[in-house]
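User: Hi, I have a structure open and would like a quick tour. Can we go through it piece by piece?

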Amino acid sequence: MKPCCIFFVVRSRLNYEWQTASTIGTNRPHFALHGGQRSTYNTLLSDIAEMMGVSSGTICLADPEDVAKFEYGKRGAYKIATTRDPNSVDLGTCTPPNCGSCFGNCDTHFIELAKENPQSDNIISIPILDKGTQYGVLLFEIPKEKHVEEWEKRLLESIASHIAIAINIARSTNQDRRLSLLEERTVIARELHDSLAQSLSYMKIQVSRLDHEISNNSSGESQGKIVSELRQGLNSAYRELRELLTTFRLSIVDTDLAHALEDTTNEFSERGATSIMLNNQLGGCSLTANEEVNLLQIIREALSNVVQHANASHADVNLQHDTYGYVTVQINDNGVGINASGKRHHYGLAIMKERARSLGGKLRIIPRGSGGTRVELIFTPSHRATANQVSNYE
């Protein structure tokens, strides 16, 4: 096989495989490969050995933090693939364990091991190295009569470097996933605190009031009023929980915000007789998980008000992202207007405004001249926000 073909093999066989199998920096069991992956790596090692005229090859990986502990025997590398014959009578690089000698000082070097057959191979060790961090070694057994040319050494170092880059990308990808998961958990905790926790606190106060009324043998009318308020609070909390579950399901399962917005408008269109159109012009605007959840919740609350209270036949949801960094969201309907129905869902409006403030933006409820209501949200995503931009909302 020609040298240029080796690079093609490395790219085509390793780019995906290393990202799914090489999670350096996590627990050792994550190095385990399924049969197809191990076969892929073994084939790669065989191709390199055939091209260079050398013997069997091995790939060993280790957490970079463990490399310094090899000399004390406290840690060892993990053999992720090898083409060495397990029935060979010669002592291999791992019999006895010799990780410190194989990893060396982050440089390409030869290892001479005591073997039963004096004519058996030596070992060339090439560090799997990227940006000064060593993730493992690429080992090949070199016959005694074989002289490794300089171009062959450079080729092996390039292949090892490519492997290291793939591993580094895999680590970055896994780290990004962990950070995203932590952010999602933070968003969920904040949402539960800001909505359900407050509703439960309100109902706890109402229960205390009811207990006081019962203890004082107050009239049934006053007790009935408190019970009615408790029922209303319970219904509100249940609705909030249902909305939160729906929003989290949309934001976590879908691949992007666009799909979540489409599902939201389709859902509310099917709830009643209101036709809802979506015009999403956010394009490549990047939002954090918290911004996505708040944006979805504001739109869902606005559409819920339209469907339940506005008596509208049509509504539209428009999202724009301008060159100054502002995101503008408008929900328009042709219903009866906010004045006629505002008292029936004032609690939801207060939550919407609180969400807008958490985005560093401004929410306005505007009667439309042609009839109906406009809910308008303007904010700047966190990666574009500045003090001047936020103050301009006012």
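User: In which sense do strands β9 and β10 pair?
Analyst: Keep in mind that this is a predicted model. Strand β9 covers residues 362-367, and strand β10 covers residues 373-379. They pair in the antiparallel sense, over six bridges.

User: Which residue stands opposite Lys362 in β10?
Analyst: Ile378 does.

User: And what about the hairpin of β9 and β10: which residue there takes a positive phi?
Analyst: Gly371, with a phi near 105°. Five residues sit between the two strands of that hairpin.

User: What order do the strands take in the sheet with β9 and β10?
Analyst: The order is β6-β7-β8-β10-β9. That makes five strands in an open sheet, and the pairing is mixed.

User: Which strands stand at the edges there, and why is one side of each left without a neighbour?
Analyst: The edge strands are β6 (275-281) and β9. Each has a single partner strand, so one side of each has no neighbour in the sheet. On average, neighbouring strands of this sheet are turned by 10° against each other, direction ignored.

User: How do β6 and β7 pair, parallel or antiparallel?
Analyst: Parallel, over seven bridges. In one of these pairs, Leu278 has Val317 in β7 as its bridge partner.

User: Which strands does α7 touch when it packs on the sheet?
Analyst: α7 touches β6 and β7. Its direction makes about 170° with that of β6.

User: And α8, which strands does that helix touch?
Analyst: α8 also packs on the sheet, touching β6, β7, β8, β9 and β10. The direction of α8 makes about 10° with that of β8.

User: Now the inside. How many residues are in the largest nonpolar core?
Analyst: It has 31 residues. Those with the most contacts inside it are Leu295, Ile299, Leu319, Val329, Ile331 and Leu377. At least two core residues come from each of α7 (257-271), α8 (289-310), β7 (314-321), β8 (327-333), α10 (346-358) and β10.

User: Which of them gives the most to this core?
Analyst: α8 does, with eight residues. Apart from this core lies another one, of 27 residues, including Val54, Ile59, Leu156 and Ala164.

User: Back to Leu377. What is it in contact with, leaving aside neighbours within four places in sequence?
Analyst: Among its contacts are Leu295, Ile298, Val329 and Ala356. Lys362 and Leu363 are also in contact with Leu377.

User: Let's switch to Glu291. Where does it lie?
Analyst: Glu291 lies in helix α8.

User: Is Glu291 buried or exposed?
Analyst: Buried. Its relative accessible area is 5%, and buried means under 20%.

User: What does the side chain of Glu291 reach?
Analyst: It reaches the backbone nitrogen of Thr288, at 2.9 Å. Leaving aside neighbours within four places in sequence, Glu291 is in contact with Ser286, Leu359, Thr380, Pro381 and Ser382.

User: One more topic. What order do the strands take in the sheet with β1 and β2?
Analyst: The order is β2-β1-β5-β4-β3. These five strands form an open sheet with antiparallel pairing. The edges are β2 (78-82) and β3 (109-111). Each of these has a single partner strand, so one side of each lacks a neighbour in the sheet. The twist averages 25° from one strand to the next.

User: How many bridges join β1 to β2?
Analyst: Four, and the two strands run antiparallel. Strand β1 covers residues 57-61. The bridge partner of Ile59 in β2 is Ala81.

Definitions and conventions
Residues are numbered from 1 along each chain as its sequence is written. This is a predicted model: local features need pLDDT of at least 70, side-chain atom pairs count only at pLDDT 80 or more; totals for chains, interfaces and linings use all residues. Side-chain values use heavy atoms; hydrogens and water are left out. Two strands pair if DSSP finds at least two bridges between them. Axes are lines fitted to C-alpha atoms, for helices over the stretch in contact, and angles run from 0 to 180 degrees between N-to-C directions. A nonpolar core is a set of buried Ala, Val, Leu, Ile, Met, Phe, Trp, Tyr and Cys residues joined through side-chain atoms within 4.5 Å. Buried means under 20% relative accessible area, exposed over 50%, partly exposed in between (1.4 Å probe, protein chains only). Contact means heavy atoms within 4.5 Å. A polar contact is a pair of N or O atoms within 3.5 Å; within protein, one must be able to donate a hydrogen and the other to accept it, and residues adjacent in sequence count only if both atoms are side-chain atoms.
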